[in-house]
Structure formats: C-alpha cells, structure tokens
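I kept each entry to what I looked up.

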Amino acid sequence: MRHYPTGLLLRPDTRRVVVRPFISTDPLRVANIIGRALGLDESEVEKELALVRADFRGRHIDLDENWLRHFEKVQSYISNHEELTLVRKLFIGALFSGEYALESAALFNPSIVPHPDQSNLSPGELRFILSLRSTGEGHISSIQFRTGVIDRAYSIRIEKTTPFVTLPELNSNPTYHKRTFLDKLSEMGLENAWASSVMGRLGKNFALKELDESIREAVPDETSPHTRDVQRTLECMHWLAESNYQIHFPPFSQMSERIIFPVTPNESNGIEDASFVRFLEDDGSPTYYATYTAYNGRVILPQLIETTDFLNFHVLTLNGQAVQNKGMALFPRRIDGRYAMLTRQDDESLYLAFSDNPHFWSGPQLLLVPRQPWEIVKLGNCGSPIETEDGWLVLTHGVGPMRKYCIGATLLDLHDPTKIVGQLKEPLLQPEGNDREGYVPNVVYSCGSLIHNQRLILPYGISDSASSIVSIELGELLAALTQGHSCD
C-alpha cells in the first residue's frame with residue numbers, strides 16, 4: 001500500500017494567545033483588587049493603562065473590547081460603576097484579564113473538509129478547511145482552523161497563519177426549538193408539573209429571555225423553598241440552555257484567526273476532537289456538521305456544531321441513548337431518507353444508528369468489534385465515513401498492546417451500511433519513527449479525511465502533540481478491502 005508523505009508538520013505555536021478572564025473565585029479578593037484600583041487617582045490610572053496598552057497592543061486586535069467585557073463581569077462589586085471614567089473601567093478590566101496560549105501544549109487530531117469557496121482555482125485543485133484541536137495551559141482544548149489547497153499533483157500548501165486570534169461573539173439571546181427542548185428534558189427524567197408550567201408558556205420557538213421570564217412566572221417568589229425536583233429541573237433547564245448556543249465571527253476575520261473556545265460550564269475543561277463533515281442535503285445544498293466532546297473535568301457531553309460558512313455556528317446537544325459516549329461521526333448524506341451516524345456505546349466497539357433528526361439518536365446497532373491484535377483493547381472511528389463507488393470507507397482507530405494507537409480501514413455496503421464489505425487486517429497507518437514521540441507517545445489519530453482525485457487525503461495527529469498529512473492511493477486501498485487483502 002503506497003503512502004505519500006506530504007512533509008507538512010503543524011506544530012504548536014506559543015505565540016498564539018487570547019485574552020481570557022482572570023477573576024478569582026474568592027469574592028473578597030475581587031473586592032480588594034477593585035478597592036486598590038479605585039484608590040488610584042485618575043492620572044495614575046491613565047499612565048498605567050497606557051503602559052499596559054503599549055505592552056500588549058501588538059499581540060491583540062481587540063484589547064479594549066476584552067477589557068470592557070471583563071469589567072462587566074466584576075462591575076457588581078462597585079456601587080457607583082456608572083460614574084467611572086472609561087479609562088478606569090478599562091484599567092479594572094485589564095486587572096481581571098490574562099493571556100492564554102491556545103496551543104502551547106499541542107496542535108493535533110485534525111479533520112479536513114472541502115472549503116465552501118472553490119473559486120479562483122486551477123483545474124484539479126481543491127481548497128480545504130482543516131480543523132485542529134489545540135491544547136494549552138491546564139489541558140483546555142479548543143477548535144481552530146487552517147485553509148489550504150491540494151493541487152492536481154497532490155502537493156498541499158497551507159496558507160500562512162495570522163499572528164492574531166479572534167474569539168467569537170456569543171449570541172446573548174439564542175433561540176430554541178420547544179420540541180427539542182422538551183425531548184431532552186424527558187430524556188433527563190425531568191417531566192413534572194413545574195416543568196410543564198414553564199414550557200407551556202412558551203411558543204414553538206422561544207428565546208433565552210422568554211425562557212427566563214417563564215421561569216420567573218412559574219416561581220413568582222424566588223425566596224420560597226423549592227422542592228428538590230423543582231430545583232433540579234431549574235438547574236438542568238439553565239444547563240440545557242447554556243449547552244445550546246450561537247456564536248459568530250466578524251466577516252473580515254481570516255480563517256486561522258477564528259477560535260472556538262469553551263464558553264459554557266459543560267465545556268469548561270475543553271472542546272475535544274471535533275469531526276467535521278460536509279453534509280449534502282437532498283437538494284445538493286451543503287451544511288457543515290461537527291461532532292465533538294464537551295468536557296467539564298468530570299463528565300463528557302456529546303455536542304453537535306452546525307455551520308454553512310464557518311462564520312456563524314450553532315452549537316447543540318446531541319440527544320438519545322445512542323450518543324452517550326465519545327466518538328460520534330455523521331455520514332455525509334441521508335441513507336434511504338434517514339440520517340446515519342457511527343457511535344460508540346461501550347468504549348470499545350463501533351455501533352451504527354439511524355435517525356429522522358440529526359439531534360436525536362436511539363436504537364444503536366453493533367457494527368464492529370475489536371478482532372485484530374493491534375485493536376484488541378478497543379476501537380473507534382477516525383471521522384465520518386467517506387462515500388466511494390465500492391462502499392462507505394470508514395477509517396478507524398485501534399488500541400493494542402502498550403496503548404499503541406493505529407489507524408485502520410473498513411468498507412461498508414453503500415446501500416446498507418450495517419453490512420461490512422471488507423476490513424484491513426493490518427493497520428493502514430501506525431506510529432513509527434518520530435511519530436511515536438510526544439505528549440502521549442505511540443499515537444496516530446485522525447478526526448476526518450477526504451478523497452481528492454483518487455487519493456485519500458489523511459490528516460492525522462502525532463502522539464497528541466502535532467499534526468501531519470499523508471495521501472494514499474484510493475484504488476489500492478479499495479482493492480485491499482474488497483479483495484480481502486491485508487495492508488502492508
């Protein structure tokens with residue numbers, strides 16, 4: 001099996017930083033800091049703010065906006081904050097801000113999809129978007145992007161990365177579908193009279209502010225004691241609302257500037273392993289979906305991202321018994337009128353689920369279990385299935401002795417993906433040489449590939465540290481799968 005290394009190696013860049021809140025959880029400390037800041041006279045504040053600006057303005061493009069947002073997070077500690085000058089508000093905001101190096105630890109687990117814009121290319125070229133998991137201090141993961149072009153000779157060039165990064169704006173009043181919200185509450189076992197009272201006041205679609213108002217009306221006296229069920233329902237309603245949100249980036253921002261960073265409590269410890277796929281509707285219109293794992297340091301939550309332009313993103317919960325583990329991967333089109341997705345229920349085997357709604361999944365069917373020695377510990381997918389004339393090409397990851405991660409390949413029937421057409425007995429790609437060394441050694445892992453001009457373009461993470469790309473002759477791979485040959 002011929003592999004063609006591209007020579008590309010994407011390593012972490014410690015210079016890529018964002019401004020994050022730096023606010024103590026101790027209210028007394030927050031009050032003490034503000035008190036010291038208010039004790040400075042205006043000229044001192046102006047001088048110190050100028051020094052901070054001079055020190056950091058070359059590293060960010062939106063310092064003032066960030067400082068004001070962080071000031072708003074602590075302004076409740078100041079009784080007369082409306083009387084403060086803009087300079088003092090900015091200075092206080094800077095005191096509660098800090099830089100975070102997004103990829104200081106790792107830049108890995110990529111997925112690749114065709115770019116929405118394929119204009120101004122030569123024949124045989126493809127513009128792509130590469131998503132990457134970036135990890136920094138505290139092992140907090142986020143999603144970032146690169147763009148590039150594959151030419152007709154399979155040479156890959158990636159556009160230069162901007163020195164600046166931009167966090168998206170969060171929609172402060174997102175909208176929700178009532179039926180979806182109710183189904184998730186039911187799945188969580190929160191069907192009670194109080195929940196019915198809250199939801200009964202809402203329309204078919206409702207905004208966050210309308211939900212908050214309905215909650216206030218259902219509980220008119222917030223000081224009165226709640227039953228345990230009502231309190232739990234209230235907390236879960238807020239959690240569910242926070243887990244479904246909308247973000248957008250400025251249209252003038254470059255792709256490599258855009259960072260999807262954790263914004264909700266369920267993501268507080270990271271957004272992990274996003275698998276993007278270009279999904280074609282029945283009319284041919286594309287929507288880009290990505291499944292990822294939200295992690296709060298204790299439990300995981302499978303989530304779904306939707307976008308058409310990589311500027312505006314909807315983030316939603318994945319619901320149902322079929323999506324309770326890591327490793328979701330959506331097929332790129334409907335099969336017999338239904339959505340299809342690879343799932344993993346037991347942390348060791350691959351399952352297949354079908355649904356009429358991409359947000360709700362149940363009835364998973366066992367598809368593939370570990371068989372070969374290199375995957376005997378567990379297996380999972382390496383991104384969404386890829387459609388070929390011979391069937392659905394599914395790249396898998398297998399874990400074997402010494403926790404060594406390899407990438408394998410399986411072929412599913414094009415019309416009935418519950419049927420396995422072929423499977424490689426040996427790994428398609430395994431950690432060798434320098435690919436063995438990193439933060440987590442002996443790992444190659446991918447979150448999504450594509451086919452271009454009869455080659456499989458396979459981006460992969462190297463030992464949870466960096467990323468590279470390899471191309472593989474598609475015809476040889478399919479022959480090995482359909483003829484039952486192993487991969488050398």
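**Entry: two helix pairs.** I began with α3 and α4, which are roughly perpendicular to each other because angles of 65 to 115 degrees count as such, while angles under 35 count as roughly parallel, those over 145 as roughly antiparallel and the rest as oblique. The model is predicted, so I took local features only at pLDDT of at least 70 and side-chain atom pairs only at pLDDT 80 or more, while totals for chains, interfaces and linings use all residues. Residues are numbered from 1 along each chain as its sequence is written, and side-chain values use heavy atoms, with hydrogens and water left out.

The helix α3 and the helix α4 (residues 86-95) pack at an angle of about 80°, with their axes 7 Å apart. For the axes I used lines fitted to C-alpha atoms, for helices over the stretch in contact, with angles running from 0 to 180 degrees between N-to-C directions. The elements are DSSP runs numbered from the N terminus, helices being H or I of at least four residues and strands E of at least two. Taking contact as heavy atoms within 4.5 Å, I listed Asp64, Trp67, Leu68, His70, Phe71 and Val74 on the α3 side, and these meet Leu86, Lys89, Leu90, Ile92, Gly93 and Ala94 in α4. The residues of this contact of α3 with α4 divide into eight nonpolar, two polar and two charged, where Ala, Val, Leu, Ile, Met, Phe, Trp, Tyr, Cys and Pro count as nonpolar, Asp, Glu, Lys and Arg as charged, and the others, Gly among them, as polar.

I then turned to helix α6 (residues 193-200) and helix α8 (residues 228-243), whose axes come within 9 Å and cross at roughly 40°. That angle makes α6 oblique to α8. Here Trp194, Ala195, Val198 and Met199 of α6 meet Val230, Thr233, Leu234 and Met237 of α8, and by class the contact has seven nonpolar, one polar and no charged residues.

**Entry: pockets.** I searched a 1 Å grid over the protein atoms alone, where a cavity is a set of points at which a 1.4 Å probe fits but cannot get out, a pocket is an open set with protein on both sides within 12 Å along at least five of seven lines, and lining residues have an atom within 4 Å of a point. Grid points are joined across faces, edges and corners, and a volume is the space filled by probe spheres set on the points.

The largest pocket holds about 940 Å³ of space. Of the 27 residues that line this pocket, Arg69, His70, Leu167, Pro168 and Val263 lie nearest its centre. The elements giving two or more residues to its lining are β2, α3 and β8 (169-170), and α3 gives the most, with six residues. By class I noted 13 nonpolar, six polar and eight charged residues in the lining of the largest pocket.

The second largest pocket holds about 590 Å³ and is lined by 31 residues, of which Arg133, Asp273, Lys326, Tyr405 and Tyr445 lie nearest its centre. Two or more residues of its lining come from each of β4 (106-114), β13, β14 (286-295) and β21 (378-381).

**Entry: cavities.** I counted two cavities of 30 Å³ or more. The largest cavity has a volume of about 60 Å³, and Val17, Val18, Val19, His60, Asp62, Asn66, Arg69, Val165, Thr166 and Leu167 line it. Within that lining β2 gives the most, with three residues, and the classes are five nonpolar, three polar and two charged.

The second largest cavity takes up about 40 Å³. Its lining includes Asn109, Ser131, Arg133, Glu272 and Asp273, and the largest share, four residues, comes from β13. By class this lining has four nonpolar, three polar and three charged residues.

Entry: Last, I looked up an open sheet of four strands in the order β17-β18-β19-β20 with antiparallel pairing, two strands being taken as paired if DSSP finds at least two bridges between them. Its edge strands are β17 (329-330) and β20 (365-368), each of which pairs on one side only. Strand β18 (residues 339-343) and strand β19 (residues 350-355) pair in the antiparallel sense over five bridges, and I noted Tyr351 in β19 as the bridge partner of Thr343.
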